[in-house]
Amino acid sequence: MQLRCCGASGCRSAGAEALRTALLSARDQLGGAAEAVSIKSVGCLRLCGRGPLVALDRPEPSGAEPACRTELYAELRPEQAADLLARATGRGDALAAQRLDSDHPFFALQKSVVLEGCGVVDPESIDDALSHGTYAQLRRVLLDVSPEQVREQVKRSGLRGRGGAGYPTGLKWDTVALQPPGPRYVVCNADEGDPGAFMDRSVLESDPHRLIEGLAIAAYAVGADQGFVYVRAEYPLAVERLRLALRQARSKGLLGAGIAGSGFHLRLEVRVGAGAYVCGEETALLASIQGQRGTPRPRPPFPAQAGLWGAPTLINNVETLASIPVILRQGGDWYAAIGTEGSKGTKVFALSGAVQRTGLVEVPMGTTLRTVVQTIGGGVPGGEGPDGGVKAVQTGGPSGGCIPAHLLDTPVDYESLRALGSMMGSGGLVVMGDSTSMPEVARHFMRFSVNESCGKCVPCRAGTVQLAQMLDRFVERRASLVDLERLEELCRMVGATSLCGLGQAAPNPVLSTLRYFRQEYQAACRDPVQCEPLDACLLKEGTR
Amino acid sequence: MIAPLSAPPSAPSRADLPPEADLPAEAVERTSRLIRQHGSRSDALIEVLHQVQELYGYLPPGALAQVARELKLPLAQVFGVASFYHLFRLGAPTAHRCAVCLGTACFVKGGGELAARLERRLGLRLDDAAGNGTWALEHVSCLGACGQAPVLVVDGHLEPRLPVDDPAALDALLGALGLSANDASDAGTDARADGSGTGAR
């Protein structure tokens with residue numbers, strides 16, 4: 001019998017530590033059969049909104065299939081520790097009401113590839129990670145596979161960057177590998193700053209060794225012998241677990257000189273950010289790793305040509321790198337068979353906002369938004385109608401947009417979302433119900449961009465401030481139709497002339513809400529009678 | 001809600017930088033030691049600043065000068081980095097600090113109302129580092145705890161799922177967290193609000 005207790009940030013804030021302590025002491029007190037129950041700390045068990053979560057693995061009577069049955073319990077309190085242990089040892093079932101249905105679409109429709117070890121392995125134990133096969137692919141490629149062959153598998157997999165832009169990973173690796181001889185660096189971008197995104201945090205907190213393995217394989221494939229993981233400071237637990245994992249990997253000879261008996265060397269370091277969203281932009285991130293202000297610079301040269309200290313540098317996102325060990329284990333073709341024509345594999349989403357079930361969701365690319373938001377997420381609590389009370393789904397954070405309910409049947413892939421004026425982004429999906437006002441949402445994101453603009457280029461530094469002030473007029477219902485025109489004009493200007501992705505994408509939340517919820521902007525004009533067409537100005541009740 | 005762009009924290013001019021003699025000798029010594037631990041490499045500047053801030057609670061001007069000298073960097077560069085990143089504080093913090101998350105999930109779940117309520121309750125302004133003398137309230141853009149929205153961080157401790165829709169329960173909870181104005185008259189109103197809230201339940 002085994003109890004797997006979620007020890008990731010979400011459940012921790014809901015009291016997972018106290019629960020685990022209570023379980024340990026209850027086991028000591030109960031003795032007898034309870035002694036045989038192992039209590040293990042694991043990473044995210046997905047349904048973050050109902051933490052703390054514990055999974056109970058119970059062996060079935062001999063001969064039964066499957067041999068082991070897993071039950072998941074939600075919202076456990078420390079005083080229920082004894083009841084849970086009683087259930088584990090087959091005595092009593094006092095917690096039936098808190099047991100989650102593992103056949104529910106929230107669990108049944110998920111496909112764990114990146115999150116394979118998440119909620120299964122103990123993130124603080126390299127021995128546990130090794131027993132689940134982590135580092136096996138690193139050892140194999142170092143001894144038997146050439147860097148070209150590794151890159152070939154990654155190209156075959158069709159994997160595209162999971163940080164948001166979707167650049168083909170294999171192509172990027174080739175670009176770095178084929179630069180003139182000299183030093184190279186690998187960098188993992190773990191500066192997950194999009195509000196509403198917590199996929200990378202979950203991977204770092206739940207399965208850090210998988211990420212290290214992926215990064216080490218990437219370093220081998222491009223010929224780098226030094227690398228950095230840049231993590232945002234807002235994720236202290238992730239930083240702590242990653243640092244621990246790096247120490248463990250070094251002590252096992254899986255990092256450092258002559259890894260696993262090969263001639264390959266790799267030094268990895270953690271760099272912690274200091275609260276600047278713009279450092280998720282790759283050139284700003286490189287400046288920050290070098291101890292400077294995190295301001296972006298024009299590209300080209302791209303980091304793949306001239307990155308850290310002028311050397312070719314490979315930058316990949318956490319989820320991208322965490323996909324690598326599976327791709328090498330199963331083969332690129334296996335991975336390419338999942339997903340759609342242009343977007344292969346699975347994608348991890350962080351589902352939150354006005355939705356019944358919030359948490360971490362990994363599904364094949366091409367799954368419709370409706371499946372994710374309504375079938376898996378359960379729609380808006382208390383929401384009715386065919387769209388489950390969903391008004392819009394925000395994807396891509398401050399660079400993305402709001403997709404209205406009538407487009408929920410859109411498959412989630414890079415191109416479809418871009419065609420709707422949003423973007424995949426890193427994977428945050430924030431559900432909005434009828435009471436959310438779209439001009440307010442737009443202003444919310446614009447204020448975010450005002451705060452996070454680094455100040456280097458004028459369109460972004462000054463333009464976002466002007467846009468935020470114009471949006472104030474709409475939110476406060478003192479705008480005029482001229483403001484609507486100016487708003488669109490300025491959005492286009494800021495998007496076209498800003499230096500980096502932050503400024504270029506900052507108008508997206510405004511443009512997408514203007515595209516799908518224009519009547520809300522018109523109704524916010526001082527004199528809505530001027531609006532055309534008039535009937536579009538009649539606003540649904542409940543929208544402020 | 002927006003931090004004023006035009007007003008960076010008061011920049012110390014070279015003349016009024018206090019000498020390190022104003023800093024505790026032990027802290028100065030520890031700063032030197034930690035810089036040496038980083039091999040005095042200038043690319044470790046951000047890491048060094050994190051550790052110095054841990055030492056003092058903020059980055060005193062004298063400590064910035066010491067870091068600049070020992071990392072062999074121009075003071076302007078050290079100050080430029082310290083003032084660029086949101087998490088570095090250039091002034092002494094208040095005794096207690098509270099951060100309200102205004103990420104998208106928290107925003108959808110009433111984070112804005114929560115911030116406004118805390119402003120009234122504590123008698124301070126959001127993102128004003130001086131706060132009410134005891135408490136300061138700042139916003140954060142996302143803590144990745146979106147599954148628990150809306151959330152607060154009170155003196156470093158994350159408080160999940162605040163009951164924004166139930167004012168009485170919210171007031172009781174905020175009171176229990178010690179989030180009350182130190183001003184006597186405000187505290188009185190708050191106490192009444194708490195009293196009626198708990199009485200009603």
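Where in chain A is the place of Arg477(A)? In this predicted model, Arg477(A) sits in the loop between helix 18 (458-475) and helix 19 (481-497) of chain A. The backbone of Arg477(A) has a phi near 60°, a positive value in a residue other than glycine. The relative accessible area of Arg477(A) is 44%, so this residue counts as partly exposed, given that the partly exposed class runs between the 20% limit for buried and the 50% limit for exposed.

A positive phi is also found at Glu75(A), which is not a glycine; the value there is about 50°. Glu75(A) belongs to the loop between strand 4 (68-73) and helix 3 (81-88) of chain A. With a relative accessibility of 34%, Glu75(A) is partly exposed.

The backbone also contains cis peptide bonds. One of them joins Arg299(A) to Pro300(A), and another joins Pro300(A) to Pro301(A). Pro300(A) is located in the loop between helix 12 (282-289) and strand 9 (313-317) of chain A. Pro301(A) likewise lies in the loop between helix 12 and strand 9.

| Site | Angle | Value |
|---|---|---|
| Glu75(A) | phi | about 50° |
| Arg477(A) | phi | near 60° |

Key: Residues are numbered from 1 along each chain as its sequence is written. Chains are lettered from A and ligands numbered from 1 in the order in which they are written. This is a predicted model: local features need pLDDT of at least 70, side-chain atom pairs count only at pLDDT 80 or more; totals for chains, interfaces and linings use all residues. Side-chain values use heavy atoms; hydrogens and water are left out. Helices (H or I, at least four residues) and strands (E, at least two) are DSSP runs, numbered from the N terminus. Buried means under 20% relative accessible area, exposed over 50%, partly exposed in between (1.4 Å probe, protein chains only).
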